[in-house]
Amino acid sequence: MRLIVLGSGTNLHPNRAAAGYLVETDHLCLFDFGPRTLMNLLKIGIDRHRLQHLFFSHYHADHFSDFITFFFDAVIQSKLVAPRPPLTIYGPKGTRRLFMTMFKEFPSFAPTPFTVTIKEMTDQTIRLGDTRITAATVVHSPQVHCQGYRVEYGGQALVYSGDAEYCGGLVRLCREADLAVLDCSFPAQRPGKGHMTARDCGRVAQEAGIGRLLLSHFYPVAERYDLIGQAGEEFEGRVAMARDRMKIEVSRPSRGGRGSR
């Protein structure tokens, strides 16, 4: 199983795309599709027309907005150049209503020349071939349902938190995962509601017993501080900071050593 970080920042971060994570197993799955992630997908040489499985944690624009460009391109490509395979969109409750409205109201989005399936999968597990994907509710915003995802393949497990505060649901989702990609929006000195600090991320990682912690989803203020050190105050394992277009082979690392930037 391989993870490719398409976006490790949020909103209009000066140096990072917003949230987007590509996971390669026996299927190609994209988790969130924030602004500028589509360009990073092109830069790493992945054929966007191969994407068949899109998973959304929630629908704040920094996790979603590049879908609009992607989908318009897919429709035009299919009509004028070559057919593409079916597309399945997965997300929390409200996903079906949002996308059906979008397809109805956006010019040229319907009818689509390829099959589009929309699946709401709150707090459940699905299987794609040999890949198991579990969605679980996490705490983020009272107005927006947000869920994290756990991907299991080949005896390895990867967790993506989406946007989340420290909560029991996230700890359970991360239990004994080989790699956890967690929302590290802020440093401990500047906490923000609805997100975690680096120290919170370390606490989740330690309580869940994960193998490796990848901090991501940085607001610019976060990078003025020693985030790896702060996470390491709570977590005894390996810690690193995500970078756009970073590639990670998911495996169970030896415990006890801390990573670096």
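**Entry 1: charges over rings**

I began with Arg 84, which lies over the face of Phe 114 at 5.3 Å from the ring centre. My test for a charge over a ring was NZ of Lys or CZ of Arg within 6 Å of the ring centre and within 35 degrees of the ring normal. Then I looked up Arg 203: its charged end sits over the ring of Tyr 166, 3.6 Å from the centre.

A note on the source: this is a predicted model, where local features need pLDDT of at least 70 and side-chain atom pairs count only at pLDDT 80 or more, while totals for chains, interfaces and linings use all residues. Residues are numbered from 1 along each chain as its sequence is written, and side-chain values use heavy atoms, with hydrogens and water left out.

**Entry 2: aromatic pairs**

How many aromatic pairs does the structure hold? I found 25. One of them is Phe 67 with Phe 70, a tilted pair at 6.2 Å centre to centre and 45 degrees between the planes. For the record, rings of Phe, Tyr and Trp (its six-membered ring) pair if their centres lie within 6.5 Å; planes under 30 degrees apart are stacked, over 60 edge-to-face, and the rest tilted. Phe 67 and Phe 70 sit 3 residues apart in helix H2 (residues 66-80), about one turn of the helix. Helices (H or I, at least four residues) and strands (E, at least two) are DSSP runs, numbered from the N terminus. Both Phe 67 and Phe 70 are buried, with buried meaning under 20% relative accessible area, exposed over 50% and partly exposed in between (1.4 Å probe, protein chains only).

Next I checked Phe 99 and Phe 103: the ring centres are 6.1 Å apart and the planes at 55 degrees, so this pair is tilted. They lie 4 residues apart in helix H3 (residues 95-105), about one turn of the helix, and both are buried.

Why do I call strand E10 (residues 156-160) largely enclosed by the rest of the structure? Because 4 of its 5 residues are buried.

On one pairing, E10 runs antiparallel to strand E9 (residues 144-153), joined by 5 bridges; strands pair if DSSP finds at least two bridges between them. Tyr 153 has Gln 156 in E10 as its bridge partner. E9 and E10 form a hairpin with 2 residues between them, and Gly 154 in the turn has a positive phi of about 60 degrees.

I also followed E10 to strand E11 (residues 179-183), a parallel pairing with 3 bridges. Here Val 159 stands opposite Ala 180 in E11. The chain crosses from E10 through helix H4 (residues 168-174) to E11 in a right-handed β-α-β crossover: with the strands pointing away from the viewer, the path from the first strand over the helix to the second runs clockwise.
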